[in-house]
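Here is a quick tour of a protein model, written for someone who likes to look at interfaces. Have the viewer open and follow along.

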There are 2 protein chains.
Amino acid sequence: MKKWIPIAAGLAAGFAAATIAFGNFGTNKTTQAVTSNTKSDAEKVYVPYGQKDEYYLFASGGHSGQLFVYGVPSMREIRTIPVFSPDPATGYGFDTETKKMLGGYTWGDLHHPAISETNGNYNGKYLFATDVGNSRAAVVDLKTFTTKDIIKVPNTSGPHCAAFVTQNTEYLFLPTRFAVPLGQEYQPLDQYSTKYRGVMSAVTFDEKKEKLNIAYQVALPPWNYDLSDAGKKESGDWAVITSYNTEEATTTLEINASQADRDYIVLFNWKELAQMVKDGKYEDVNGQKMIFPEKQKGGIYLVPVAKSPHGVDVSPDGKYFIASGKLAPLMTVFSFEKAFKAIENKDFAGERNGIPILKYKSVMEREVNPENALGPLHTQFDDKGFAYTTMFISSEVVKWNYKTGEVVDRVPVQYAPGHSAAAEGDTASPQGHYLVSLNKMAKDNFLSVGPSHPETMQLIDISGSKMHILDTVPVNPEPHYAQMIKADKIHTINVYPKDPSNPFAVYKQSDTKIVRNGNEVHVYGTAVRSRFTFDHTQKRPDEIDVNQGDHVFIHLTNIDFDEDITHGFAINGYNLNMEVQPGQTNTIDFIADKAGTYPIYCTNFCSALHQEMTGYLLVKPNN
Amino acid sequence: MKKWIPIAAGLAAGFAAATIAFGNFGTNKTTQAVTSNTKSDAEKVYVPYGQKDEYYLFASGGHSGQLFVYGVPSMREIRTIPVFSPDPATGYGFDTETKKMLGGYTWGDLHHPAISETNGNYNGKYLFATDVGNSRAAVVDLKTFTTKDIIKVPNTSGPHCAAFVTQNTEYLFLPTRFAVPLGQEYQPLDQYSTKYRGVMSAVTFDEKKEKLNIAYQVALPPWNYDLSDAGKKESGDWAVITSYNTEEATTTLEINASQADRDYIVLFNWKELAQMVKDGKYEDVNGQKMIFPEKQKGGIYLVPVAKSPHGVDVSPDGKYFIASGKLAPLMTVFSFEKAFKAIENKDFAGERNGIPILKYKSVMEREVNPENALGPLHTQFDDKGFAYTTMFISSEVVKWNYKTGEVVDRVPVQYAPGHSAAAEGDTASPQGHYLVSLNKMAKDNFLSVGPSHPETMQLIDISGSKMHILDTVPVNPEPHYAQMIKADKIHTINVYPKDPSNPFAVYKQSDTKIVRNGNEVHVYGTAVRSRFTFDHTQKRPDEIDVNQGDHVFIHLTNIDFDEDITHGFAINGYNLNMEVQPGQTNTIDFIADKAGTYPIYCTNFCSALHQEMTGYLLVKPNN
């Protein structure tokens, strides 16, 4: 095994990192200019009118809290799906249901989307994601591209390493980036090693109810966990998580978490853990079933890995897991088979925090160290047995054979790639074709928009023996991971079907009504090109009269059962807006605390008479 | 003058509108397929790595409340600028200053951006916009692409017809879409004609202070105003506003505001109005100087126009204003010179609501009625004397000579265009080159993202004698108007300069400190790749200790004076995030009401050791 080269020391020294990271921009540019063929690239990414993209790319929106949907190869954003933050444009977080779902949070940090899987392959039904900012998990329905459920995950702080699903979506795993005292209670940092813990949550999804649920949790050592991946095929019952700061440093991690030559991969068998829970081998912690590995032994092991790894990825065949120590310039291929054998033989090198450590040499299959390739982070796969690893510091993607270790190609990207996403490149059946490099820096790639720069995505053709960059596009902040799925796997609806069981739905203008009950006013209205009807019996069917202080509920059904006919509902001056999609019933409620005259209008341009789609809310003063 | 054809009646009948509006999708597709040349189109819109777009396109984000910045011809969104709604991604509305600027509003409806002008041409310095949802106006600094000031505009409800600036940015005019009682007080709708008013606000901008101010307001009749435009050159002291619902209908406007054959353009001389204010010819209404045209005569006139016009646009030479009655299938060219003569001669056809009416025949220069072109809305101009008008219902752009009335070309668009934006196409010096059609419907243009569809923008090459569609791209909801400006007119900064006068700025780690003052805690900290320093004298410089209930102010300075090195600042579980751009000092404040242990982390990926850029907030419990 090689000794880590001076880069590690240089990085730990702080400012030196910047110079290394960004010293080679000029060089990259030249290389890029030579290798790209402008004419054919333009044609390869252009999707003419009447045709559609081949793939969807679902990119995490990072600290926007949302999910970005792109078409590939056009690399155009088709839609932002609001998940963890309110979205004024669609009324997400404003209507009664989604407001409740957001639970008062106005911000989230969405990392790492995970499409639901069958037999290790995307099935295109749901997408899961976690919120590092406020420790939540969410599920998005890919029939409607809307968020269906959000749960707050107790005992955890920053489920950054998620979500990744097991091969038949039995679980999504949510290990944390930050260690905190269980329940996030107050504990001085001097108590860090004894009182702080990382926590891995195993979450299940009930497809029928479209609800998430926490099955159990595992109290891990107080380290920072950074990306997990579930096994496949022969490793299907297992999952792996990387860690850093196994130094258990409590300040200035830039230096103090970069001291040890090794951190650990946590290798666990989720079927064994589930059995332990079944057998009562857990403790109740704030209502959660918590396994403490130092007390309830079995099912969890540590694998030493090159320092401060940023990710670990399981190969499509399920035989290997590949980790990259971001401060060590190499990718390490580990063998599941070797690990299983070592576990069977109890071939351990002692314990750390009560968890058995497998011997590096017993599990390691191969180390791959491309010359001058610095800052390896994450690995994706193609259909021909090649792996693609992003190099954050040397700003490139390295293509290599994970069964032989041979490095076959390298391409510079602009600049500082974090993750990449190949076509179904983290599944059991990668498609090859395309890889998107998610670059953290744009520098001067695009027209300047001031001090705050966009991120960059680069589309790379990986169908040939040489990688070739097709296009470079700007992105709003901030995609981390993304998944690319064949377009024909997604089956959307365009119009919500009638739901006769919905007590708030009104499908005929002649059924509209305004019902008063004490100080609650319920409006059962319709929206149709191009009028609102709130109560058809009124002189003015588009007028709502309430008293100051009333609690007003607007139940609005869009009775345009026609593709792409969205209506909005806003009250001028009342800071309220929601949308109703074709066939949909939606509710918004508010306290009419301001007396006066407030125009109501449709916010989503719906027809030639959209401007005329208005009404009035009249709030009669109390005094 | 032609009699309006049956379309008007058909539209008024409600559901028929849908059929007319969307009946011809199939036809459009076929036409489009025949005329487009895929190969050259791809090359024309492709901006290869190392090159940049030729134009910025600033598109209103509609009910997102934000502004979208695109590059042309790539049609890629480079940045969303938050204006009227909070933006979790950039911390806009979360940090102390922007939170105050938003004034508690969580939503806005941004229509019609207006770039500041010198001699009728964009000067690239500022951009103005209004909020139809909550009646506000804002200014964006194009050096930093950030919002600098927002004002609430009293007495107004929905300044939809704004902003448009006069030729040297003396004023921006904000006429309202909705009529309400002045001050938005409670008044039954039966009092509509006597108690409700539209209001036009004249707003000035102090460039030195970067502050907006309301100079005066005009109480207009209770009609709906829909888009204004300022004069140029010989008409430079004048401005025009379209209106609809001069019927003064109070319900089901779809039908009732479509009765009269004519509505009015309001023509006003803003210098005369300013003089009236100077002469004290106004009344104080809720602190605003309000001109009542029925009492203080002069300076305002009405011009009859084809029914329910959606827009009015002044020609680049300042000689004409062109209005399109959206329910009348024609564009009408009016002559400023003729209007001035009629005013001079008092050639009036009586008054309406106390305002003199000019005779249609005295002011009308020409009617242009392209065969079967339905739903004309808005007009842009090129450098060769041609006008381009969007047809909402027949889904096309019509190119015509506004001096002769000759229709020279028509191109179908997909589908239902509202506005369009030509290169500097509403200025005194249009550039020709490109026109972007802002289409309201996408239907099946793109991969489906469920019931809620994106809008569409189409880039049209207008440099030749025939218009040619180059590209069709999806857009998040919902651009209305846009302006396209030559890239070299925008001069941004990349790094905020040091500001020694800023009491919250700290430029050296050795100057960081935490100051306690009663229950206020002020943190003067720095962010630099890759560490936070809150108080360099502490054992842990990246720890913040407070007591439960403290009011905590984090003043954070990004001391990476380096392009594209943004740092974020989030507190896990505390629903807080902000960004600091290179060189910038930003403050976030909150009440530490939850006791416990909360990790702090950098949200914007900044270096190879970004993950290590963390700290802790420890909130000691009260009891």
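## The chain–chain interface

How many residues of chain B are in contact with chain A? The answer is 160, and they meet 159 residues of chain A. Keep in mind while looking that this is a predicted model.

In terms of area, chain B and chain A bury about 13,500 Å² between them, with carbon and sulfur atoms giving 55% of that. The element of chain B that gives the most to its side is helix α4 (residues 38–45), which puts in six residues. Sorted by type, the side of chain B that touches chain A has 71 nonpolar, 54 polar and 35 charged residues.

## Salt bridges between the chains

The rule turns up 12 salt bridges across the interface of chain B and chain A.

## How the two copies are related

## Two domains in chain A

Now for what goes on inside one chain. Chain A splits into domain 1 (7–489) and domain 2 (509–620). Seven residues from domain 1 of chain A and eight from domain 2 of chain A make up the contact between them. Taken over C-alpha atoms, the domain centres are 43 Å apart.

Which residues of domain 1 of chain A lose the most area to domain 2 of chain A? They are F94(A), D95(A) and T96(A), and together they account for 63% of what that side buries. The area buried between the two domains is about 640 Å², and carbon and sulfur atoms give 39% of it. No salt bridges are found across this domain interface, but three residue pairs are in polar contact there, both residues at pLDDT 80 or more. The touching side of domain 1 of chain A is made of three nonpolar residues, three polar ones and one charged one.

A few backbone spots deserve a click if you're checking geometry. In chain A, the peptide bond joining V72(A) and P73(A) is cis, with omega at about 20°. P73(A) sits in the loop between β2 (67–72) and β3 (76–81) of chain A.

Over in chain B, there is another cis peptide bond, this one from A162(B) to A163(B), with omega near -10°. A163(B) belongs to the loop between β7 (146–152) and β8 (164–165) of chain B. Back in chain A, K346(A) isn't a glycine, yet it has a positive phi of about 50°. You'll find K346(A) in the loop between α9 (336–344) and β22 (348–352) of chain A.

Notes
Residues numbered from 1 in each chain as written. Chains lettered and ligands numbered in written order. Predicted model: local features only at pLDDT ≥ 70, side-chain atom pairs only at ≥ 80, totals over all residues. Heavy atoms only, no water. Domains from an automatic or database assignment. Contact = heavy atoms within 4.5 Å. Buried area = accessible area lost by both parts, 1.4 Å probe. Salt bridge = Lys/Arg side-chain N within 4 Å of Asp/Glu carboxyl O. Polar contact = N/O pair within 3.5 Å; in protein donor to acceptor, adjacent residues only side chain to side chain. Nonpolar A, V, L, I, M, F, W, Y, C, P; charged D, E, K, R; others polar. Helix = DSSP H or I, 4+ residues; strand = E, 2+ residues; numbered from the N terminus.
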